[in-house]
Amino acid sequence: MNNPVLNVKAVSKDFGGIRALDEAELVVNDKEIVALIGPNGAGKTTFFNCITGIYTPTSGDVLIDPTAHGNSIRINGRKPNVVTELGMARTFQNIRLFPSMTALENVMIGTHCRTKSSVWGAISRNKATRDEEQAVIQRSYELLELVGLGKFVNELASNIPYGKQRRLEIARALATDPFLLLLDEPAAGMNPQETLELESLICQIRDQFDISIMLIEHDMKMVMSMSDRIYVLDYGRMIATGTPQEIADNPAVIKAYLGEDDDD
Amino acid sequence: MSNLTQDTSQQSAMSFFLTAGCDSLPHALKKSFLAAIWFVFLTFPIMVIRVDTIDKTVVWRWENMAYIALSIFFGSFVWRWLLARKELEKDETKGETKIEALLTVIQTTPTIKFSLLCLIAVIAVVAPLKFTFLGSKLQFFDLYQTNIMVSCLVYVVLGLGLNIVVGLAGLLDLGYVAFYAVGAYAYALSNMHWGLGFWFALPLGAVLGTLLGVLLGFPVLRLRGDYLAIVTLGFGEIIRLVLENWGEVTMGPSGISKIARPGFFGMKMSIIDSTIYMYYIMIGLVIFTIFCVNRLQNSRIGRAWLALREDEIACQAMGIDKMKTKLMAFALGATWAGMAGVVFAAKTTFINPASFTFWESAIILSIVVIGGMGSIRGVIVGAIILILVPEYLRDFAEFRMLLFGAIMVLVMVFRPQGLISAKRKIYKYKASNTASAGNE
């Protein structure tokens with residue numbers, strides 16, 4: 001049995017007197033697609049922010065194991081850029097691209113932490129820098145093609161249609177060479193056709209790059225059909241976990257989503 | 001027939017001019033009339049009343065009132081027309097004006113670009129020299145103009161340096177003049193005490209600028225936006241006050257004089273020759289700066305700066321070390337300020353703290369903002385306009401700064417993104433047809 005790539009142990013996060021996350025536990029295994037669902041305001045995005053270093057958890061441990069061979073690294077309190085360098089890349093619920101840069105440049109930013117040309121390299125433009133630059137351009141272009149943005153390469157990010165912007169964010173995250181891709185509501189604002197295409201893209205990414213994927217999503221059809229396991233978060237607590245079928249039949253989940261029936 | 005269409009189009013252009021931004025002609029007339037009255041009222045105390053303190057009489061210059069009323073009445077039509085045209089242009093094209101389109105053509109056609117660059121280079125090189133052409137003696141710049149050009153070029157370098165900090169990395173720095181002062185005093189003091197020459201002081205100024213940039217950057221760059229602006233403003237003032245009050249070292253407000261001009265293998269030069277020499281040094285420094293900034297902004301680090309300017313959180317989430325990247329921008333900006341400072345000291349041969357007030361920082365920042373943030377060509381044009389216009393307006397005496405202010409307001413109204421806005425580089429890549437086919 002391989003070690004889990006992400007192991008979140010009893011993570012809590014307080015904002016003043018409000019407990020946004022209450023001893024949340026979560027495990028992502030190697031090459032797994034895990035979905036995190038829950039009603040609005042349940043703390044899903046806070047959970048993402050806690051494990052990617054944007055927030056520091058009040059208590060608990062976030063352990064990662066990029067190679068899944070049993071040497072875990074504790075990452076709570078590390079800066080977001082360090083977390084990304086260690087191999088966890090994310091997208092944002094409200095798209096956060098760099099609007100006045102082109103699509104290609106947006107993806108090239110993702111390769112920043114995997115490249116190392118310095119100020120001297122930039123000014124002298126020596127062979128190492130030129131080669132690195134060319135490799136970065138080529139790889140970024142290929143990632144854009146992969147997510148279906150081949151014809152928007154030199155378009156400013158702000159001029160790209162909304163649904164495609166989400167794909168651009170995925171390409172940018174992939175450029176950081178992650179072992180775990182964290183997607184925050186990737187299908188928000190998409191029509192059913194686009195959602196379907198996105199679903200196949202995510203599965204393709206998992207198979208082609210051999211990485212694990214964790215996503216927050218409200219589209220139940222998509223979540224049920226593609227995830228290996230589902231976690232349900234409500235009021236900051238993990239109230240259920242299991243396969244899509246188990247979750248669909250779980251009374252606690254139904255209660256969290258639909259409310260309690262007083263007649264029972 | 002064609003005559004008729006031309007007639008109607010002329011007619012509509014005329015009516016567009018008259019009623020731009022208004023419902024109808026009476027409405028437009030009323031608006032202009034009100035504007036004229038308002039301006040007459042506003043300028044009444046300064047334009048009409050004149051108190052003669054010697055004769056102890058009051059002179060009423062009613063004719064000025066008529067001039068103002070008339071000029072505002074007709075001027076307001078032009079103003080509204082310009083505003084309406086700007087709105088139309090914004091709707092029609094994606095902000096690409098004719099001038100920008102022309103620049104793009106120049107940029108993308110190598111022969112035109114090359115010949116244009118050659119032309120500029122030739123003019124720049126021969127401008128300050130006296131020479132005979134077809135029997136007539138020619139000289140573009142006399143001593144006075146060469147001198148102005150040197151200070152203009154100093155501001156080009158300063159603008160390009162600040163452009164890294166403000167234009168690319170988006171860090172609002174209001175104390176940039178501090179690094180400029182450090183460069184100038186580094187040369188002045190080392191020249192006074194140890195007789196250090198210009199060519200040794202130039203790298204020294206650069207290094208000191210960088211060091212101070214890093215030193216200041218560490219505590220300050222945790223702040224952002226307005227807070228950063230205020231702290232850097234304070235830092236600029238601290239440096240100036242230290243220079244003013246630490247008399248034993250900096251010679252205080254009386255400054256340091258008799259700073260050596262740049263040497264050329266120990267040659268003795270007259271003031272005219274050394275000014276021309278200074279001009280060529282500055283041309284060289286400007287070319288070096290453009291070269292470096294251009295390469296930097298299209299590099300891995302330049303892209304990280306831009307990303308940082310656009311969205312700090314997303315930038316960090318993509319694995320960019322915020323502190324390191326900001327610090328690099330700050331230090332590199334300060335490097336060029338340090339060099340410009342050394343040149344300034346060598347050019348004027350006298351410096352005192354009065355040369356390094358907040359006004360200087362404000363001018364350099366205006367050069368970057370008016371020229372176009374993040375655009376090298378923009379900053380050069382901005383420096384030329386902001387430094388040369390006040391110089392050539394000296395004939396207008398007290399109206400000089402008024403006109404200067406009016407030009408700045410006009411630029412900000414009609415070109416809020418700066419005179420020449422930055423363009424993103426188009427990268428070349430090898431398209432792979434198989435991958436795109438799979439996604440169709």
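## Two helices that cross in chain A

In this predicted model, helix 3 (residues 103-110) of chain A packs against helix 5 (residues 127-146) of chain A. Their axes are 9 Å apart, and the angle is about 110°. Angles of 65 to 115 degrees count as roughly perpendicular. Helix 3 of chain A is therefore roughly perpendicular to helix 5 of chain A. The crossing of these two helices is right-handed.

Which residues make the contact? Helix 3 of chain A supplies Ala103(A), Leu104(A), Val107(A) and Met108(A). Helix 5 of chain A supplies Val136(A), Ile137(A), Ser140(A), Tyr141(A), Leu143(A) and Leu144(A). Sorted by class, the contact has nine nonpolar residues and one polar residue.

Chain A is assigned two domains. Domain 1 of chain A is written in two pieces, 1-87 + 179-264. Domain 2 of chain A covers 96-177. The C-alpha centres of domain 1 and domain 2 of chain A lie 27 Å apart.

How many residues of each domain are in contact with the other? Domain 1 of chain A brings 13 residues, and domain 2 of chain A brings 10. On the domain 1 side, helix 2 (80-86), strand 7 and helix 7 (192-209) of chain A each give two or more residues. Helix 7 of chain A has the largest share of that side, with four residues. By class, the domain 1 side of chain A has seven nonpolar, four polar and two charged residues.

## Two loop residues with positive phi

Lys31(A) lies in the loop between strand 2 (18-28) and strand 3 (33-37) of chain A. Its phi is near 60°, a positive value in a residue other than glycine. Is Lys31(A) buried, exposed or partly exposed? A residue is buried at 20 or more other C-beta atoms within 10 Å, and exposed at 12 or fewer. Lys31(A) has 17, so it is partly exposed.

Asp177(A) sits in the loop between helix 6 (162-174) and strand 7 (180-184) of chain A. Phi of Asp177(A) is near 60°, again a positive value in a residue other than glycine. Asp177(A) has 18 other C-beta atoms within 10 Å, so Asp177(A) is partly exposed.

## Inside chain B

Chain B is assigned domain 1 (2-92) and domain 2 (127-414). How many Å separate the centres of these domains? Taken over C-alpha atoms, the figure is 40 Å.

Helix 8 (residues 198-220) of chain B crosses helix 14 of chain B at roughly 145°. Their axes come within 7 Å. The crossing of helix 8 and helix 14 of chain B is right-handed. The contact between these two helices has 15 nonpolar, nine polar and one charged residues.

## Where chain B touches chain A

Contact between the chains involves 32 residues of chain B and 39 residues of chain A. Five helices of chain B each supply at least two residues of the chain B side: helix 11 (271-297), helix 12 (300-310), helix 13 (312-317), helix 14 (322-348) and helix 18 (433-439).

Which helix gives the largest share of the chain B side? Helix 12 of chain B does, with seven residues. By class, the side of chain B that touches chain A divides into 17 nonpolar, six polar and nine charged residues.

Conventions:
Residues are numbered from 1 along each chain as its sequence is written. Chains are lettered from A and ligands numbered from 1 in the order in which they are written. This is a predicted model: local features need pLDDT of at least 70, side-chain atom pairs count only at pLDDT 80 or more; totals for chains, interfaces and linings use all residues. Domain bounds come from an automatic or database domain assignment. Two residues are in contact if their C-beta atoms, placed from the backbone, lie within 7 Å. Ala, Val, Leu, Ile, Met, Phe, Trp, Tyr, Cys and Pro count as nonpolar, Asp, Glu, Lys and Arg as charged, and the others, Gly among them, as polar. Axes are lines fitted to C-alpha atoms, for helices over the stretch in contact, and angles run from 0 to 180 degrees between N-to-C directions. A crossing is left-handed if the near helix is turned anticlockwise from the far one by less than a right angle, and right-handed if clockwise. Angles under 35 degrees count as roughly parallel, over 145 as roughly antiparallel, 65 to 115 as roughly perpendicular and the rest as oblique.
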